[in-house]
Amino acid sequence: MVGTPVLFVAIPLLAAFLIPLLGMIWKELVRIVPGLVLIYLMVLSVNLLNHVLVNGPIVEVIAGWAPPFGINLVFSAFSGFLVTLMVFLGLIVWIYSYRFKRNVGFEPAKKYFLLLMMLVTGAVGIVLTGDIFNMFVFIEITGISGYALTAFYTGRDSAEASFKYLMLGSIASTLLLLAIMILYSQLGTLNMAEIATKIHTVKPAYKVISLILFITALGIEAEIFPLNGWAPDAYAEAPGPVGAAFAGIVVKASVYAIIRYIYTIFDISGAYDFLIIIGMVTLIIAEFAAIRQEKLKRMLAYSSIGQMGLVLVAFGFGTKEGVFAALFLMLNHAIIKSLLFLSGSYLVYNSKDKTIAEVNGMHKFLPITSFLFALGAFAIVGLPPFAGFWSKLSVLTAAADSHMLFVMSLILMVSVVELVYYLRVVNRIYFFKKEESVEAKKPTFNALIAMLVLGALILVIGFYPDVITGVIHKASADLMDKTKYINDVLSIKQ
Amino acid sequence: MKELKENIIQRIKASFADAKERNDFSDNRVDFHVKKETIPSILFYLKEEMGFIHLSHISCVDWLEEGEFELVFIVWSPVDKVKVFVRTRVDRENPVMDNIDMIWRQANTYEREFREMFGIQFTGLVAPDEFILEDWQGPPPFRRDFDTAEYAEKTFWNRPGREDAQDVRETISGRDGEEIPDFAKKYSR
Amino acid sequence: MINDKHSQKIVDYIQNWSRKHSIWVLAYGTGCGAIEIPPTMTSRYDAERLGVRGAATPRQADVLLITGYLTVKTLKRVIRVYEQMQDPKYVIGFGSCTINGGMYYDSYNTINVLDKYLPVDVYINGCMPRPEAVLSGFAQLQKRIAEGRADGAAQYKENLEWYRANQKRIIPNWVMPEYNW
Amino acid sequence: METFSIIFAIFLGGAVLTYFAGKLSSVVQDILFLATVLVPTYLFFSGVSIGSSMPFSLEGISLLWGVNHFGWLFSLIVLGLGSLAAVYSVGYMKGKERRGYFYLNFVLSVMSMLGIVISQDLISFFIFWEIMTWSSYLMVIYSGNDVQRIGIKYFVFSAIGAYAMLMAIVIVHSVTHTFFIEDMIQAYGQMSLQLQIWIPILFLLAFAVKAAMMPLHVWAPGAYSNAPMAYTSLFSGALSKMGVYGMVIILVTMVNRLPQGILFREVLAWLGGITAAMGTLWAIKQDDAKKLLAYSSVAQLGYIIVGVSIGTELAMMAGLFLAVMHALFKGTLFMVVGAIEKQTGTTNFTEVTGLIRKMPWTFFAALMGIIALAGIPPLGGFIGKWMLYESLITSDHYLLVILIFFSSTAAFLYCYKFLFGFFLGQEEKEWAHVKEAPATMVVPMVLMGIFMVVLGTFPGIVLNPINNGLMDLGYVDSYKHLWETSIIFNSWGDHVILQPILYSIMGIFIFFLIFVLWKGYKGTRYVTTKDISSSGEVPKEDENLTFSVGFMQPFMRAVAPVMRRQMDKYYTGFANGLEGLFDFVRRIYTGNAQTYAVYVVVFIVIVLLFKDVLF
Amino acid sequence: MEEVLYNILGAVVTFIVAFVVGMTYGGLTRKITARVQNRKGPPFYQNFIDAFKLASKKTAIHHGVMHLMGPAFLMVSSVMTLLVVPVLSGNNWFPNLNFHGDLIFLLYIMTFGPLGMALGAGQTGNPNSAIGVTRGLSQMVGFEIPWVMALVALMIQYKTTSITGLMDAQAQTGTWLMFSSPFAFIAAVMAMFGMFRYSPFDIVGAPTELASGPVSENGGKFLFVMMSSGSVFTFAKLTLYIDLFMGGASNLVILLIKTFALYMIPVLYGITSPRYRTEQAVRWFWGWPTFFGLLAIIQAVILK
């Protein structure tokens with residue numbers, strides 16, 4: 001046992017508070033310390049995950065109160081997988097932005113890394129916690145750091161985007177609190193496992209209303225149509241790595257929350273179909289909207305929304321294959337979309353409007369970045385032999401196994417749309433004449449490393465998916481097994 | 001018709017001081033003489049302002065005795081049904097004239113012909129060198145002082161025995177044994 | 001067998017006979033005389049019964065029919081056409097213009113005597129010669145072919161310098177390709 | 001089977017190495033590229049015996065690679081044409097930019113095509129299929145002309161096809177729980193009728209796109225003409241055959257077993273026939289050689305589709321023989337166009353003329369290709385055409401045979417246009433400097449030309465493997481004893497005995513050439529094309545006497561009513577409509593915070609209202 | 001070996017017969033045309049004289065290899081057609097290759113010559129030649145449709161694609177196919193108008209407009225070869241028609257009578273007709289002839 005799950009929350013939080021103090025000692029520490037923290041967390045999570053895969057989940061009780069009375073953190077195969085993914089992405093984002101923000105002054109850099117730490121803390125907390133109110137708190141931490149990061153470039157547009165995010169986020173908080181209140185009033189407990197054992201005693205009306213409120217509240221964070229109005233603006237106005245962090249960390253955490261509610265806590269079977277419906281609507285609307293976008297990051301944002309819709313659809317199948325597909329999709333999406341955001345933000349680094357037209361002919365000046373963007377684009381539309389193909393295949397197989405042919409054909413049709421807009425951008429990068437007004441910005445060394453790691457991962461997973469599928473299979477089995485979760489949590493005696 | 005012609009004459013005279021009316025023709029014809037410098041402007045004026053949109057003809061007259069070429073431009077108005085003759089004189093020794101084929105494209109053909117046949121040079125004329133007379137070496141053949149018979153004798157010299165009006169019937173009869181009828185004999189010289 | 005003198009004679013005879021009865025005319029309408037060709041060819045006079053037939057291009061033709069006056073400009077074309085024709089080939093001068101210039105005897109651009117430029121096998125005089133005269137001309141040509149006397153082409157080759165000199169005298173700018181037919 | 005792994009490792013590693021070798025020197029790159037294509041070809045034909053297979057598993061899915069007779073036939077096309085085109089590419093790409101990019105995609109294409117024919121399971125089939133699609137897509141946009149339209153059109157059509165196939169694959173998997181093609185075929189008989197109908201449709205959609213069948217052909221002219229010619233010869237010659245390959249498998253193993261299959265086959269055959277006719281007509285209209293050949297490819301694939309969809313053994317053999325021939329002659333012809341493009345810089349008939357004396361070997365290859373394309377004896381194209389007609393007549397497709405005959409007669413028009421436009425006609429001064437293409441380009445073309453002649457006399461060389469392949473697919477071998485000689489038979493027992501006929505053709509030809517014209521030749525002298533009967537006019541050196549504009553105008557006037565309708569326009573209209581819809585959807589996101597808040601409220605209200613329905 | 005020699009000898013004899021008959025028919029056509037036009041006309045042996053003259057004419061120039069090979073292609077096509085068509089049925093006088101090929105092969109070998117010729121015409125560089133070729137090919141696309149329809153009708157009615165098979169069918173039933181399949185015969189004859197390129201379908205080599213089109217650069221020996229090939233081809237095509245529709249011929253006299261009678265149809269139609277433009281000609285062939293072809297196919301399907 002090399003560590004406990006609580007470290008995942010405690011260490012980054014501590015680091016976040018220490019960053020301003022360390023900055024007083026040596027300014028460079030502001031940049032270095034988050035990295036050290038994330039590297040430590042990465043090592044920790046990989047170790048823990050290995051342990052968990054063999055020995056079963058770790059349930060950590062905080063402050064000595066055994067569940068259901070105290071707050072507990074659960075590091076199971078499922079949550080551990082997500083935590084590892086998030087920490088890994090946080091690490092990538094840190095590597096990427098280590099020099100990215102060099103020309104930015106000390107104060108902004110301090111804020112940036114502080115907020116990044118907070119974001120990771122919040123997201124990891126959401127995934128690990130076993131208590132719904134605690135989850136609310138983590139959601140608030142994530143949300144607040146998200147608002148602040150959106151407004152990082154202190155311009156008019158950023159402020160507006162941040163405001164939209166803040167406004168919808170507030171609504172989400174209110175609704176979430178309401179939902180928790182309803183459940184608590186009915187059951188008198190906030191522990192997930194406890195709720196899950198007792199949920200059948202709640203009146204269906206309360207149950208459904210609280211579920212709806214949960215889904216709405218979390219759906220705002222998870223970018224479900226029509227609750228995702230904030231997302232395109234926030235993605236477009238936030239710095240590139242933050243976009244990657246949103247797509248890879250925040251949204252994943254929110255989706256995790258929804259899934260946890262539907263799979264573990266509630267016992268409403270209609271919720272699965274509901275997931276499919278909202279997922280499909282989100283997917284279709286987002287992809288349709290993406291094709292007509294003029295700004296690169298907005299396009300990526302819509303694509304991200306669409307992918308999340310697909311993840312929800314896959315979860316909605318409710319089968320083990322479906323969960324496997326959804327998790328695989330989440331993994332691939334996290335890797336690929338981050339790569340797209342990271343490379344894309346260099347492609348439009350110096351342009352004024354950040355439009356797609358301004359990436360024309362960039363491949364001559366940014367060959368590696370362009371190549372990685374193209375790789376990401378090919379991967380995300382699911383072309384073999386890249387990573388995206390396997391997840392798409394598993395989603396479709398899951399759909400076919402659930403006999404949802406209509407859903408399947410819709411997914412494929414939308415994929416064609418997705419293909420079109422990604423190829424248009426790639427064609428522009430490679431085959432159009434460069435705009436004179438736009439000057440290319442060479443990526444810094446660390447950014448290059450971050451992107452190359454992601455690109456290599458795409459190829460590795462594409463050519464040999466077995467490296468990761470074993471873990472995902474275990475994770476999906478873990479999620480499907482509701483009683484085991486309850487037993488594991490409730491059997492802990494301090 | 002009379003008033004129409006009067007009107008035309010008045011308008012031209014008002015615009016071009018050197019325009020001299022030549023004859024009072026009874027038919028639908030108006031005749032002017034102008035200096036050669038005025039030609040492009042008067043033709044342009046006639047075409048654009050007065051509706052004489054059609055260039056009927058350009059002709060050249062060699063006034064050998066007066067030492068001048070006369071160029072006659074005939075334009076036609078399909079609305080008024082009136083012809084206007086615009087005449088000008090060019091020095092015979094140094095025949096240079098303004099090119100007008102930008103007003104009427106077809107003037108180009110006439111100008112090429114005059115260049116070849118009369119030796120009149122049109123300033124700024126863009127056209128291939130040869131028009132009708134390929135490989136011509138002699139003087140411009142339409143000038144009145146060009147002796148065509150002498151030129152032909154010199155260039156395409158006739159063979160003795162091939163002069164015109166020779167009676168070849170004897171030869172034919174000698175060759176083919178054909179008999180010459182009596183009525184024909186009296187025509188033979 | 002071919003080298004044998006007698007058999008050569010027989011072969012020559014057959015060849016001349018076939019040439020005589022198959023005269024393909026390149027009706028090169030240079031002058032006003034061309035109007036006399038259609039009546040000669042069609043129903044009224046029917047030159048085809050003599051084996052006379054129109055050919056479309058100089059490559060296929062045997063006889064070049066110079067129908068009337070030749071200007072300096074057309075002479076150049078006629079020479080080219082003649083030189084493109086394949087041996088054996090014949091020229092018929094048609095109308096008085098080809099003989100001595102006819103009514104254009106003093107024109108500044110009409111040649112007077114055709115046989116200074118091209119070897120004429122048969123002249124048909126008249127201005128215009130009527131179709132009867134044309135047929136008589138063809139008959140004359142046939143007779144000469146049969147007798148082997150229609151050797152204009154051979155003379156042309158023999159006296160090429162003389163012909164060329166005459167041609168170049170009125171066509172000073174000689175840009176024609178050299179033909180050795 | 002170690003060999004499979006080695007072959008694919010060489011392909012992949014060689015592709016990447018070749019790409020980066022460009023940084024060192026171009027000669028090293030060329031050599032590496034050639035080795036990357038030729039060594040696996042050698043290994044495949046020497047080390048892989050028919051019937052060998054290699055099972056392995058990936059991501060929990062068991063996969064199987066193997067070679068059967070049918071796949072071997074197509075691997076012959078792929079690797080044979082691939083290696084010749086590779087040799088050609090070395091000459092073609094000399095001095096061009098983005099050589100690494102070209103070589104990389106070339107190798108990937110060859111590899112993926114080989115992968116397709118050796119895949120015995122649907123997943124590796126699909127993976128290779130998609131690699132083939134995107135590597136060819138990257139080649140289509142190589143020149144960078146109009147990529148947004150042509151390239152995307154190609155990819156969208158391919159993707160629609162591929163996704164249809166993917167759908168069919170997962171449906172099959174949901175029924176059989178395995179991805180082996182063998183299992184799919186066996187399970188097909190027990191499926192429900194709905195599936196029995198839909199699965200072939202979905203598969204055929206994918207293959208029809210690649211085989212450029214009406215009405216899914218609209219990508220082809222642009223894509224074929226835009227890719228570099230060295231690649232297009234492979235693209236049109238081999239890559240489109242992958243569609244045929246799949247089509248044959250699906251038709252034979254599924255549709256023919258279906259009672260309703262006759263309808264399928266008729267519809268397919270008629271679509272193929274219309275493809276052939278319309279492709280031919282459009283090819284006649286083109287003034288650009290690349291476009292002409294592109295439309296011609298569409299038309300030729302139409303014949304092949306007709307053959308394979310009729311489904312009698314003779315028809316199937318005709319289709320497959322035509323497929324082999326098409327790979328040969330269309331590969332040659334695209335190479336010819338590439339050579340001309342390389343030497344003159346243009347491929348437009350209205351610009352280039354009279355190259356026959358400057359590029360005699362290229363002309364020879366082009367002549368052989370054209371004769372084979374036109375299906376004139378004694379070259380191999382005739383054999384395929386003959387078998388196709390006979391099979392259509394003996395299987396009661398009377399109107400279809402007229403349609404096919406019309407298109408193959410009309411094909412003479414563009415065949416002549418191709419030869420005349422480039423090689424014959426006036427020799428203009430503008431092209432006096434043109435030289436014969438380098439040896440690396442000429443040799444593959446001429447080799448293929450010679451091979452077409454050989455196939456015309458001894459079609460058994462290819463017909464026997466085809467027969468074996470068809471036996472693998474389950475045909476009863478009723479012709480085997482006949483294919484061993486150079487006789488072609490139809491099912492009524494009528495036949496053409498090729499050898500005496502072809503020898504007499506040669507004999508008469510040589511007789512007249514030597515005894516009548518050789519004497520003439522010795523006595524004659526070459527004159528330039530300016531020395532023609534031009535009404536006595538002496539054409540100047542720079543005077544253009546070429547006739548190439550509006551070449552087939554009278555015929556086009558005659559068929560004008562048919563040409564007015566264009567499939568492309570309908571697709572463009574549809575795409576524009578979709579873009580309008582997308583634009584409308586985009587406006588849902590107003591960018592206004594209040595609206596978004598309203599959306600949230602509306603969402604909650606709607607979900608609450610319908611909660612009984614939903615949950 | 002003896003058999004081969006025998007065959008070669010037979011082929012030579014057939015060729016000579018075809019040459020003589022074709023040339024004579026050509027001369028007779030000229031004579032008949034002249035009589036229709038109220039002329040005396042050339043003698044019937046005029047074509048022989050023309051041919052001999054052309055052969056004895058000097059041929060000094062060529063425009064390249066394809067130009068030299070063009071006439072040879074044409075000749076090969078004609079002779080091959082002749083060899084594949086059974087000239088006389090029921091005896092061994094003209095042993096040919098007719099057991100080695102069938103109708104489809106014949107169709108293609110018949111198009112082989114014009115295409116080779118077109119290549120030769122193309123290399124001369126004369127624009128008129130190429131224009132003529134394009135017209136000829138367009139017209140070919142026109143008349144091949146009814147022609148093939150007629151053939152397909154015959155093939156499906158008698159379930160054979162070989163010429164000898166069709167002749168056997170006629171011999172068995174005793175009726176000529178022109179009576180038992182009248183529509184096919186009409187369509188085929190109408191297609192024949194285009195095949196012989198007499199007026200009104202002679203725009204290919206319009207002498208004054210195109211300077212005789214494809215042959216405009218060919219004189220002397222080239223033209224001789226083309227002319228003889230045309231004569232042979234005429235005979236071969238007529239014999240094919242006779243074999244297909246009129247029961248073949250058992251001896252030479254009947255053959256001559258039948259071919260001459262058939263030959264008169266396009267000749268007489270041509271003499272009295274003005275000239276069509278290319279697209280008019282093509283559309284003409286796709287009108288009534290194709291309609292008759294369709295009728296023929298329908299009839300064949302019904303009677304099958």
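Trainee: What should I know about the model and its numbering?
Mentor: This is a predicted model, in which local features need pLDDT of at least 70 and side-chain atom pairs count only at pLDDT 80 or more, while totals for chains, interfaces and linings use all residues. Residues are numbered from 1 along each chain as its sequence is written, and chains are lettered from A and ligands numbered from 1 in the order in which they are written.

Trainee: Which elements of chain E have the lowest and the highest mean pLDDT?
Mentor: pLDDT is the predictor's confidence in each residue, from 0 to 100. Where pLDDT is low, the predicted coordinates should not be read in detail. In chain E the mean is 84, and 96% of residues reach 70 or more. Helix 9 (residues 207–210) of chain E has the lowest mean among its elements, 74. Helix 13 (residues 288–303) of chain E has the highest, 89. The model as a whole scores ipTM 0.84 and pTM 0.88.

Trainee: How does the radius of gyration of chain E read against a compact globule?
Mentor: The radius is taken over C-alpha atoms, and the globule rule is 2.2 Å times the number of residues to the power 0.38. For 304 residues the rule gives a value near 19 Å; chain E has 19 Å, so the two agree. Its C-alpha atoms fill a box of roughly 55 × 50 × 40 Å along the principal axes.

Trainee: What share of chain E counts as buried?
Mentor: Count C-beta atoms, placed from the backbone. A residue is buried with 20 or more others within 10 Å of its own, exposed with 12 or fewer, partly exposed in between. In chain E, 67% of the 304 residues count as buried.

Trainee: And contacts? How many residues of chain E are in contact with chain D?
Mentor: Two residues are in contact if their C-beta atoms, placed from the backbone, lie within 7 Å. On that test 67 residues of chain E touch 60 residues of chain D. Helix 5 (127–158) of chain E is among the elements that give two or more residues. Helix 5 of chain E also gives the largest share of that side, 17 residues. For classes, Ala, Val, Leu, Ile, Met, Phe, Trp, Tyr, Cys and Pro are nonpolar, Asp, Glu, Lys and Arg charged, and the others, Gly among them, polar. The chain E side has 39 nonpolar, 20 polar and eight charged residues.

Trainee: Which strands join chain D to chain E?
Mentor: Strands pair if DSSP finds at least two bridges between them. Here two bridges join strand 5 (residues 525–526) of chain D to strand 1 of chain E, running parallel. D:Tyr526 stands opposite E:His62.

Trainee: How many residues of chain D are in contact with chain A?
Mentor: 45 residues of chain D meet 47 residues of chain A. Helix 6 of chain D gives the largest share of the chain D side, 15 residues. That side divides into 32 nonpolar, eight polar and five charged.

Trainee: What is the strand order of the open sheet in chain C?
Mentor: The order is 2-1-3-4-5, five strands with parallel pairing. Strand 2 (52–54) and strand 5 (122–124) of chain C are at the edges; each has a single partner strand, so one side of each lacks a neighbour in the sheet. The twist averages 30° from one strand to the next.

Trainee: Which backbone angles deserve a look?
Mentor: Most residues other than glycine have a negative phi, and most peptide bonds are trans. B:Lys81 has a positive phi of about 55°. B:Lys81 counts as exposed, with 10 C-beta neighbours inside 10 Å. D:Arg98 has a positive phi near 55° and is partly exposed, with 16 other C-beta atoms within 10 Å. A cis peptide bond joins A:Phe225 and A:Pro226, with omega about 0°. Another cis bond joins A:Pro384 and A:Pro385, with omega about 5°.

Key: Helix = DSSP H or I, 4+ residues; strand = E, 2+ residues; numbered from the N terminus. Axes fitted to C-alpha atoms, helices over the stretch in contact; angles between N-to-C directions.
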